[in-house]
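My notes are below, in the order I went.

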Amino acid sequence: MNRVALAIRSNLPDEMDWALQSLVRMSFETPDDLHFDRYPALAPALVEKLNLADQFRDIDTYTFQTDSGEVITTDDDIGLFGATAASEKVRKQLDKVLEAALVLRNAAINPENARHLSRSKVCVDALVKCLTLPPDRPSLVELRQYCLDIVESVALFLRPTSSQDSLFRALVGYLSSDDRGVLISALRAIARLVINVEANLLQAVDRKIVARICALILLEDEELLSVCLDFLYQYTAAPENIELTGEVVDWRDPVQQLIRLLLYQAQEWPQQETRLTGTVTLDKKPPPSQPPELPNDLVHELLSFSEPERATQWMRACFEEDPDGDVTQIALWKAYETRFEEYVKQGKKLLPAADFIKNVTTAFRRAAAMVVTLPGGQQKFIIKGIRPREVPKSLKGELYLKCQWMSPSPNWQSCAGTFPSVKDLYSHILSVHIPSPHEAAPPPVQQPVPQPASTATGFAPIPSLPMPATNGTAGASPAPAGPPINGTPAQSADTQMTDAPPPSPISPQTLEASPAPAQVHEATAAESAPQSSLPALEDQLPVQYFCHWNGCTRFSPNGDSDRRKVISHVKTHIPDPDHNKPVPYNGRSPPPQTTASGSLILDTSISSQNVVLVSKTTTVDEHGEATGIPLTSCLILRNVARSETGKSLLSGLETELIAVAAVNSPLRNYIADLLDVIEEKRRTIE
């Protein structure tokens, strides 16, 4: 190999021909045998030939003098003038340079050789010299491509310090080229050149070039698409670069294209096939023993009607149709009479009992009055086809929301408040059940309208509701106060069954508390102490919070000191704001049938169908990890999300990203990280 190196440096035509031809053949057939570290003189000899490329700057041109004495140089790449400046001797010299460049190109594919060349400043300068030759010389196209390939291999081992680096500037000059091969090599070389550099070199790239590269990702050219994405990943890694593009680059179109590329060349794989058969029926809930308590606002609305419309609206508010349900006629009438008894004393007239029973069919067309003979021969007069509601229904046809906060002890009564909206229910929970230790006591509860106290068959008597005191302790009722619940002394058993109007909304800054079970006896003792001592006692007690919604034991038995955490959990129990709207269903199938008694029945004809779950898997490596165009697209989106304009660019696209993550398992974790960045950016801006 030393003889080969000496033959190249000898400049003897025969020796050079033999040496270069041998190296070309070896670099192609057995490239692993070509190691620059083993033969130190070989690489400098080849680079020396590469340095001769500067003498071909005027190749493919023709110079002549006009009659006026003016010297003109023009292109003569196909010999139109018959006397090109590239003589046969120059052509042979160019061939030797091309052979030397080809050997360097093939040898640089080996990372060890590439590292060896990167340590040679003479080699880097020779590459810059070749890359800065005139781009419009056809004879130099091959040399330029070889040099770009060499730079592509050695770029990973170079560390340019600024955007004024000669090699970096030479490569950037090729980003506006119309030659596909040149553009691909230049983009790949730049991406590798800046990958290990902390300085933001790409900030110096012209914004119009960046816009051009963003437009190129729309093409269906996998190789060009891949290198464009590699460049954009490095470019967007510095968030300020996105802002610098200004109005020249509209990032909304590239973002949409990047989301589409998340499933680039995805292969569909059916995961599972399931056949659903039969009818699904939920168990019936037993009907309530009595009609629901009506809020004061609804009672006042009913009082605005005259009979028989008032009776009709009351029945619709307190009862619902149920083919299997029935209510005794006397219980129905007594419930209505007791509800408005105090208003009769004020001059309001009620519908007579007989007319009231006849009016049932006006309120419920499918209901009917009938007589049932019991086994003992006794007769029972009932209304068939209705049952009491769980919660009242407004005159607008919307169901009220019932507070399902249950007592943690069987000796205490649970909350029975009903509210017209989710907001009112939420405010009620914050102020009554999870109050803040620093929050004033809840406002006085309005005295509810008297409830039915009938002992007729089918209904249990409803106790009268005393007026609670404003400080949260027991009111006029002589019943003893129960232990405190979530931070405030509990009201009496009667005051817990209150039908209070919704309190005013609580500000987001309000905090709420609950004492730990171990301090119940202390809090109980505090109730009997003078009120002036209560603040000092509360300051000494650590606060714990609980959730008692419908028997929830999420924070039992010790509670949690983070009130915000408990409130966030309670929100999962509260219905959605559109709880009164019809439930959406697949438009290709009829909706499920829901009975008034709480049964849900799915039609057999729609429950028997094939369900095929399909995954769309994109490119993965040998370890099963995501790679290729989809992964690079996801990483670019993450870079964009971190920029100042990331929130506006990706706002509203979370659903599309989640849909991709649902079917593309290799990208699932990367998309999850992207969604976290979007959410974090949104919170930061807000």
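**Ground rules.** I'm working from a predicted model, where local features need pLDDT of at least 70 and side-chain atom pairs count only at pLDDT 80 or more, while totals for chains, interfaces and linings use all residues. Numbering runs from 1 along each chain as its sequence is written, and side-chain values use heavy atoms, with hydrogens and water left out.

**Whole chain.** I found 29 helices and 11 strands (DSSP runs, H or I of at least four residues for helices, E of at least two for strands, numbered from the N terminus). Of the 686 residues, 43% count as buried (under 20% relative accessible area; exposed is over 50%, partly exposed in between, with a 1.4 Å probe and protein chains only).

**Helix pair.** I looked at α9 (residues 180-194) against α11 (residues 222-236): the angle is about 30° and the axes are 9 Å apart (axes are lines fitted to C-alpha atoms over the stretch in contact, angles run from 0 to 180 degrees between N-to-C directions). On the α9 side, the contact includes Leu183, Leu187 and Arg188; on the α11 side, Leu224, Val227 and Phe231 are among the residues (contact means heavy atoms within 4.5 Å).

**Salt bridges.** The structure holds 23 of them (a side-chain nitrogen of Lys or Arg within 4 Å of a carboxyl oxygen of Asp or Glu). I checked arginine 105 with aspartate 149, whose closest N and O atoms are 3.2 Å apart. The two sit in α4 and α7, 44 residues apart. Arginine 105 is partly exposed at 28% relative accessible area, whereas aspartate 149 is buried at 16%.

Next I took arginine 188 and glutamate 152, paired at 3.3 Å, N to O. This pair links α9 to α7 across 36 residues, and glutamate 152 is buried at 12%.

Then came arginine 389 and glutamate 320, at 3.7 Å, N to O. Arginine 389 is in the loop between β6 and β7, glutamate 320 in strand β4, 69 residues apart. Arginine 389 is buried at 10%, and glutamate 320 is buried at 17%. I also noted a network: shared partners join Glu152, Arg180, Arg188, Asp221 and Glu223.

**Asparagine 359.** Is asparagine 359 buried or exposed? I get buried, at 8% relative accessible area. Asparagine 359 lies in the loop between α18 (353-358) and α19 (360-363). Beyond its neighbours within four places in sequence, asparagine 359 touches Pro308, Ala311, Thr312, Met315 and Leu351.
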